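Me: Got a chain here I'd like to go through with you. Can you take my questions as they come?

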Amino acid sequence: MPNIENTATIKSEIKIEMKLLNQETLDKIVAQTTKNKNIQGSVFHIESADKSMSLFSSSGNISQESHYYIASINKLIISFITLRLWQKKAINLEEKLSNYLPNETLNGLLVHNSKDYSGELTILHLISHTSGLPCYLIDKRPDGKKNMDLILNGHDQSWPIDKVVSEVKKMKSKFIPGTKGKASYSETNFRLLDRVLEVVTNKPIQVLLADVFQELEMNNSFVLPSNSADNFAPIYFKQNQIDINRYWKSTHHDIVSTAADQMKFIRAFFGGKYFTPEFIEELKKWNAIFFPFKYGIGIQKFYIPRLLSPFKAVPELIGHCGSVGSVAFYLPDKEAYITGTVNQTSNPAIVFRTMVKLVNKL
């Protein structure tokens, strides 16, 4: 059992350290983001677990109240829905997809070395990116092109789930599902997971997401397209604004939100109300996906090896990021949370450099 007096001392020291990050320092760091090439605007919100520190700052064409596209942070919200159903024993992560998806969807979905492993796919494989399924957006098609490149260069496309399945069946698989130590980030996994959740709950995925927003009082979060969020910050690829309305209409799970709403969500996920610390630890079955990220069961980890940060260790950050430079992370060692975006698809690394600067002030 920990010494109560020592625990109190540690918490006191954390609060003292957090005073190094004040409004002036935060404003200075956030203002620097728009001096980077192609960054039109940014917003950051950082809070201590006890809310003794709660700071906001924005720059450029984004304000503290701005709605912005969160991109793949939606995966963390979908994971939240999935894990709660698992807690309630409404699903079992080890269950095979064949219990929920029709044969015409699964047959030939994952063929590796001429053998069809589609029947072995489970919910766990999807939520942890250990399925071996290719990503219909970022992996190469048989003709060598990538659908994401086409979208970013002005060729907006509709991608209903039937089209996703058809495309993936033409693409090269990554590995046999559940291969030890293997993971590959794939939007395909969460499009299929959407469908599983719809079958389990008998609700469309956009309704399940809206239910989360209502429960957590995320009153400025919406599934796209939404008339309630017409004025959200435009997304940029380099200097060009991106129009991907056709894509959003087809996925039913892409979201706009605010830094404040994202803070409500990340606190709900990691704050202990829904998931105990022990439960969160069970999710930390990390596999490398691409540097500097690892993926567990429905959660992402951002890490910088000490070798690359010799003067000061970067603490563990768990949560999720998005391809537009959006972030929603929890820092267990610092008892703090951080949300925000730099809203740029061509250089999202800026958000992590900024985040490290902020974290090093805690």
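Me: Is cysteine 321 buried or exposed?
Reply: Cysteine 321 is buried, at 9% relative accessibility. Buried here means under 20% relative accessible area, exposed means over 50%, and partly exposed is in between, with a 1.4 Å probe and protein chains only. Keep in mind that this is a predicted model: local features need pLDDT of at least 70, side-chain atom pairs count only at pLDDT 80 or more, and totals for chains, interfaces and linings use all residues. Residues are numbered from 1 along each chain as its sequence is written, and side-chain values use heavy atoms, with hydrogens and water left out.

Me: OK, salt bridges then. How many?
Reply: Twelve, where a side-chain nitrogen of Lys or Arg has to be within 4 Å of a carboxyl oxygen of Asp or Glu. One of them pairs glutamate 187 with lysine 75, with the closest N and O atoms 2.4 Å apart.

Me: Where do glutamate 187 and lysine 75 sit in the chain?
Reply: Glutamate 187 is in helix α8 (residues 187-201) and lysine 75 is in helix α3 (residues 74-87), so the pair links distant parts of the chain, 112 residues apart. Helices are DSSP runs of H or I with at least four residues, strands are runs of E with at least two, and both are numbered from the N terminus.

Me: And how buried are they, in relative accessible area?
Reply: Glutamate 187 has 9% and lysine 75 has 1%, and both count as buried.

Me: What about the distance between lysine 284 and glutamate 281?
Reply: Their salt bridge is 2.9 Å, N to O. Lysine 284 is buried at 18%, while glutamate 281 is partly exposed at 48%.

Me: Switching to the sheet. What's the strand order?
Reply: It's an open sheet of eight strands, β2-β1-β15-β14-β13-β12-β11-β10, with antiparallel pairing. Two strands pair if DSSP finds at least two bridges between them. The edge strands, each pairing on one side only, are β2 (54-60) and β10 (287-290).

Me: How many bridges join β1 to β15?
Reply: Six, between residues 41-48 of β1 and residues 336-341 of β15. For instance, histidine 45 has threonine 339 in β15 as its bridge partner.

Me: Which helix lies across β1 and β2?
Reply: Helix α2 (residues 23-33), running at about 30° to β2. Angles run from 0 to 180 degrees between N-to-C directions, and axes are lines fitted to C-alpha atoms, for helices over the stretch in contact, with contact meaning heavy atoms within 4.5 Å.

Me: Last one, the whole chain. How many helices and strands?
Reply: 13 helices and 15 strands. Buried residues make up 55% of the 362 residues.
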